[in-house]
Amino acid sequence: MNKFEVVLLFNPELSVNKLNSEIENFKKKLQSNSANIINQEDWGLRDLSYKIDKFKKAFYNFLQIEASGKIIKDLNLELNQSENLIRYMFIKVKDHQELPTKLKYEKK
């Protein structure tokens, strides 16, 4: 299995319940595809570096996972269909960084 770090950016207009539901659905998709979730961090509502669609902010969520490359390819197709997900990025890494990340403690 390969190691990946995933950053998800969600619509800032989501309610807390809907946001948590979206994150749980993503985690269930990972687990149903035999991926292991190692760690997760909620970075909260943060400013975007640049405007995406009409949004200037987004809810950031960070996950460290172990999965095969084929699963990531399949997940990309599903994630592209999500209305509440603004952006996402999978990054293959040799080793996961130590948590908590510095970003978690930066001023929002």
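**Notebook: loops, a pocket, a helix and some rings**

I first looked up Asp 53, which counts as exposed because its relative accessibility is 67% (buried means under 20% relative accessible area, exposed over 50% and partly exposed in between, with a 1.4 Å probe and protein chains only). I note that the model is predicted, that local features need pLDDT of at least 70 and side-chain atom pairs pLDDT 80 or more, while totals for chains, interfaces and linings use all residues. Residues are numbered from 1 along each chain as its sequence is written, and side-chain values use heavy atoms, with hydrogens and water left out.

**Loops**

I placed Asp 53 in the loop between strand 2 and strand 3 (55-67); helices (H or I, at least four residues) and strands (E, at least two) are DSSP runs, numbered from the N terminus. Asp 53 is not a glycine, yet its phi is positive, at about 55°. I found another positive phi in a residue other than glycine at Ser 34, near 65°. Ser 34 sits in the loop that joins helix 1 (16-32) to strand 2 (36-52).

In the loop between helix 2 and strand 4 I looked up Glu 83. Glu 83 is exposed because its relative accessibility is 76%. From Glu 83 to Phe 10 I count 73 residues in sequence, but the C-alpha to C-alpha distance is 9.1 Å.

**Largest pocket**

Which residues line the largest pocket? I listed Val 7, Leu 9, Leu 48, Ser 49, Tyr 50, Ile 52, Tyr 60, Arg 87, Tyr 88 and Met 89. A pocket here is an open set of points on a 1 Å grid over the protein atoms alone, where a 1.4 Å probe fits, with protein on both sides within 12 Å along at least five of seven lines; lining residues have an atom within 4 Å of a point. The space in this pocket is about 190 Å³, a volume being what probe spheres set on the points fill. Strand 1 (2-10), strand 2 and strand 4 (85-93) each give at least two lining residues, and strand 2 gives the most, with four. I sorted the lining into eight nonpolar residues, one polar and one charged (Ala, Val, Leu, Ile, Met, Phe, Trp, Tyr, Cys and Pro are nonpolar; Asp, Glu, Lys and Arg are charged; the others, Gly among them, are polar).

**Helix 2**

In helix 2 (residues 69-79) I found Ile 71, Ile 72, Leu 75 and Leu 79 buried. They lie on the same side of helix 2 because their arc around the axis is only 95°, taken from the directions from the helix axis to the C-beta atoms. On the face turned away from that buried side I noted the exposed residues Lys 70, Lys 73 and Leu 77. The buried residues pack against strand 1, helix 1, strand 3 and strand 4, where contact means heavy atoms within 4.5 Å.

**Aromatic rings**

How many aromatic pairs are there? I recorded three; rings of Phe, Tyr and Trp (its six-membered ring) pair if their centres lie within 6.5 Å, with planes under 30 degrees apart stacked, over 60 edge-to-face and the rest tilted. Phe 26 and Phe 90 form a tilted pair, because their ring planes stand at 45°, with the centres 6.5 Å apart. This pair links distant parts of the chain, Phe 26 in helix 1 and Phe 90 in strand 4, 64 residues apart. Phe 26 is buried at 4% relative accessibility, and Phe 90 is buried at 16%. Tyr 88 and Phe 90 make an edge-to-face pair, 6.1 Å centre to centre with 75° between the planes. Tyr 88 is partly exposed at 22%.
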